[in-house]
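Okay, everyone, thanks for coming. Let me put the structure up, and then we'll walk through it together.

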Amino acid sequence: MREMQTKPDLIIGNYSDGNLVATLLAHKLGVTQCTIAHALEKTKYPNSDIYLDKFDSQYHFSCQFTADLIAMNHTDFIITSTFQEIAGSKDSVGQYESHIAFTLPDLYRVVHGIDVFDPKFNIVSPGADMTVYFPYTETDKRLTAFHSEIEELLYSDVENDEHKFVLKNAHLKDLANLVIVAGDHGKESKDREEQAEFKRMYSLIEEYKLKGHIRWISAQMNRVRNGELYRYICDTKGAFVQPAFYEAFGLTVIEAMTCGLPTIATCHGGPAEIIVNGVSGLHIDPYHSDKAADILVNFFEKCSEDPSYWDKMSEGGLKRIYEKYTWKLYSERLMTLTGVYGFWKYVSNLERRETRRYLEMFYALKYRSLAAAVPLAVDGESSDN
């Protein structure tokens, strides 16, 4: 407040820790609070509540879930990227919906964690940075200086820390090259789950004799070059595939579509709402790999027979982005909601006082002791060593 010479009008939190800090600040300053979950871990780890004793020492879910409950009940309004974050689908539970009722054995039982019908929930979808991710057709803005690096990344016969395996199958190359972007080859991962996935990838490559059929490049951290990589693939009439078992939103899907790259993505989570199947992209179900493969083959065969089909999907994706997924639309909607909920907070403060008093008690009696048991990062590193 000394820095700004006034109180802020709005405090926005993101993720569990950020939302908890936003809660404490908004409560202290008496200002409007907005919560953006980004991801609620409870839905990512099935049975993480009932088998708390198995997970808690590693992931500290008890602390995280408690922080989430406090923030989502204290906040004046909540922004989600998709409807599925709130209430899921006919086959899956929503991220927020999973917090309605659950039990953390030997800790506490939640009987009314959140009301997903509360009008504080709003769907406002983010966009890509259009200074970095823009259509491949905007040739005057293209970053052609990166093309030699991109060609080396995709096609060179040399393996290094950034890319492994080479593309040699001539028939496959006639249809499409398979480039996998995942992980970091240059460093030994400290994450045990990531290590296990690396081993699984290498075993599958050996089992199916994929050397010469794929290119595996490490995660692309240079956003500017990554934008041009999407556009370079547009030049070759390729496609972007996001086959996650579950994707809370799908920012990479938005980035690819913003560049004009036809996008084929998982039907589980955000991409199911981002993409209108057959109009602005295609859906695949990663749990049914044969059908997913058929969809991919069918797409490239259609493009080979009728090049205008690729253009149709590219243009459909861009149209969808401009209609719903830009930061301009996001910011306008956010400011409108801030005005609405700021006024609501002012006129209904007495009605929410009991809830806030209960949350204060919950924070003091439950959360503080849970947080005290979480080791600091430096403590974790020293104990590993």
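This is a predicted model: local features need pLDDT of at least 70, side-chain atom pairs count only at pLDDT 80 or more; totals for chains, interfaces and linings use all residues.

Residues are numbered from 1 along each chain as its sequence is written, and side-chain values use heavy atoms, with hydrogens and water left out.

About 770 Å³ of space lies in it, the second largest pocket. Of the 29 residues that line it, N73, H112, G113, K120 and T355 are the closest to its centre. Helix 14 (349-372) gives the most to this lining, with 11 residues. Helix 3, strand 5 (108-110) and helix 13 (327-347) each supply at least two residues of the lining as well. Helices here are DSSP runs (H or I, at least four residues), strands are too (E, at least two), and both are numbered from the N terminus.

How do we find pockets and cavities? On a 1 Å grid over the protein atoms alone, a cavity is a set of points where a 1.4 Å probe fits but cannot get out, and a pocket is an open set with protein on both sides within 12 Å along at least five of seven lines; a lining residue has an atom within 4 Å of a point. Grid points are joined across faces, edges and corners, and the volume is the space filled by probe spheres set on the points.

Lining it are N19, T35, A37, L40, D68, A71, M72 and Y96. By class, that is five nonpolar, two polar and one charged. Helix 3 (residues 61-74) gives the most here, with three residues.

Let's zoom out. The chain has 15 helices and 12 strands, and its C-alpha trace spans about 70 × 50 × 45 Å along the principal axes. With 385 residues, a compact globule would have a radius of gyration near 21 Å, and the chain's 23 Å agrees with that; the radius is taken over C-alpha atoms, and the rule is 2.2 Å times the number of residues to the power 0.38. Of the 385 residues, 45% count as buried, where buried means under 20% relative accessible area, exposed over 50%, and partly exposed in between (1.4 Å probe, protein chains only).

From UniProt, an unreviewed entry annotates residues 2-155 as "domain: Sucrose synthase first GT-B"; positions are in the numbering used here, feature names are shortened, and annotations may be inferred rather than shown by experiment. That span is 33% helix and 15% strand, with its end C-alpha atoms 55 Å apart.

On to helix 9 (residues 251-258), which is mostly covered, with six of its eight residues buried. Those are V253, I254, E255, A256, M257 and T258. What covers them includes helix 8 (223-235), strand 10 (240-242), strand 11 (263-266), helix 10 (271-274) and helix 12 (307-324). Just after helix 9, G260 takes a positive phi of about 90 degrees.

Two loop residues next. Leaving aside neighbours within four places in sequence, G270 is in contact (heavy atoms within 4.5 Å) with T82, E247, A248 and F249. D49, in the loop between strand 2 (32-36) and helix 2 (52-59), counts as buried too, at 14%. With the neighbours within four places left out again, D49 touches K42, F102, T103, L104 and P105.

Most residues other than glycine have a negative phi. K209, though, has a positive phi of about 50 degrees, and K237 has one near 60 degrees. K209 sits in the loop between helix 7 (192-207) and strand 9 (214-217) and is exposed, at 64% relative accessible area. K237 is in the loop between helix 8 and strand 10 and is partly exposed, at 38%.

Definitions and conventions. Ala, Val, Leu, Ile, Met, Phe, Trp, Tyr, Cys and Pro count as nonpolar, Asp, Glu, Lys and Arg as charged, and the others, Gly among them, as polar.
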